Amino acid sequence: MTTDKDALDMFEMMDKAEEQRLVNYNHITYLLYLVSYFTAGLLWIVPIILNYLKRNDAKGTWLASHFTWQIHTFWYSIIGCVIGIAVMFFSAGSLGISAFTESQNLAVSSFLIFGMGALLFLLSILWHLYRIVRGWIALTNREGLS
């Protein structure tokens, strides 16, 4: 015969089991983000899809912040990288034009703008890496993120 206390204990155990499943799930998504650096970013799409699929399962828990953290990290990193690449691409076009017009001023400004785009690209990658490491450490310590 089960009592109310036994039923409550069983519910809490199921709750803890579900929490641990989501913690493990987040460990996997953080790992996939890190592995994506060795695949030229091709694996970035896998953890973002996984985060969107399981985000609602963590609603109202401390783990919800990890799903949101990873989603924001993905999108802001993508935006920063795309803008950086676009700036480099368009400045390289100006560099080609400066070769035809023999304009040193245009060439110098093109190199500077290219450098700014490359810096933005690099900072976006470093920011992404920082956020993944910070989030993973917080997950390991069973802390939420803000």
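**Group meeting: contacts and rings in a predicted model**

Hi everyone, let's start with S124: leaving out residues up to four places away in sequence, S124 touches S77, G80 and C81. Please keep in mind throughout that this is a predicted model. S124 is found in helix α4, which covers residues 104-140. Is S124 buried or exposed? Its relative accessibility is 8%, so S124 counts as buried.

Now over to helix α3, residues 64-101, where you will find Q70. Q70 has a relative accessible area of 0%, and the cut-off for buried is under 20%, so Q70 is buried. What does Q70 meet there, once we set aside its neighbours within four places in sequence? The contacts of Q70 are N26, T29, Y30, Y33 and N51. With one of these, N26, Q70 also makes a polar contact: the two side chains are joined at 2.9 Å.

Next, the aromatic rings. How many aromatic pairs does the structure hold? There are six. Take the rings of F74 and W75: their centres are 4.8 Å apart and their planes are at 80°, so this pair is edge-to-face. If you are wondering why I quote both a distance and an angle, a pair of aromatic rings is described by the distance of the centres and the angle of the planes. For the edge-to-face label, the planes have to be over 60 degrees apart.

Have a look at the accessibility of these two residues as well. F74, at 5% relative accessibility, counts as buried, whereas W75, at 39%, counts as partly exposed. Both belong to one aromatic cluster, together with W44.

Two other rings have a charged side chain over the face. Which residue lies over W69? That is R131, at 3.5 Å from the ring centre. Over the face of Y25 you will see K54, and here the distance from the ring centre is 6.0 Å.

Last stop, helix α2, residues 45-54, and in particular I49. How far apart are I49 and I71 in space? From C-alpha to C-alpha the distance is 9.2 Å, while in sequence I49 and I71 are 22 residues apart.

Methods:
Residues numbered from 1 in each chain as written. Predicted model: local features only at pLDDT ≥ 70, side-chain atom pairs only at ≥ 80, totals over all residues. Heavy atoms only, no water. Phe/Tyr/Trp six-rings, centres within 6.5 Å; stacked < 30°, edge-to-face > 60°. Buried < 20%, exposed > 50% of the residue type's maximum accessible area, 1.4 Å probe, protein only. Lys NZ or Arg CZ within 6 Å of the ring centre and 35° of its normal. Helix = DSSP H or I, 4+ residues; strand = E, 2+ residues; numbered from the N terminus. Polar contact = N/O pair within 3.5 Å; in protein donor to acceptor, adjacent residues only side chain to side chain. Contact = heavy atoms within 4.5 Å.
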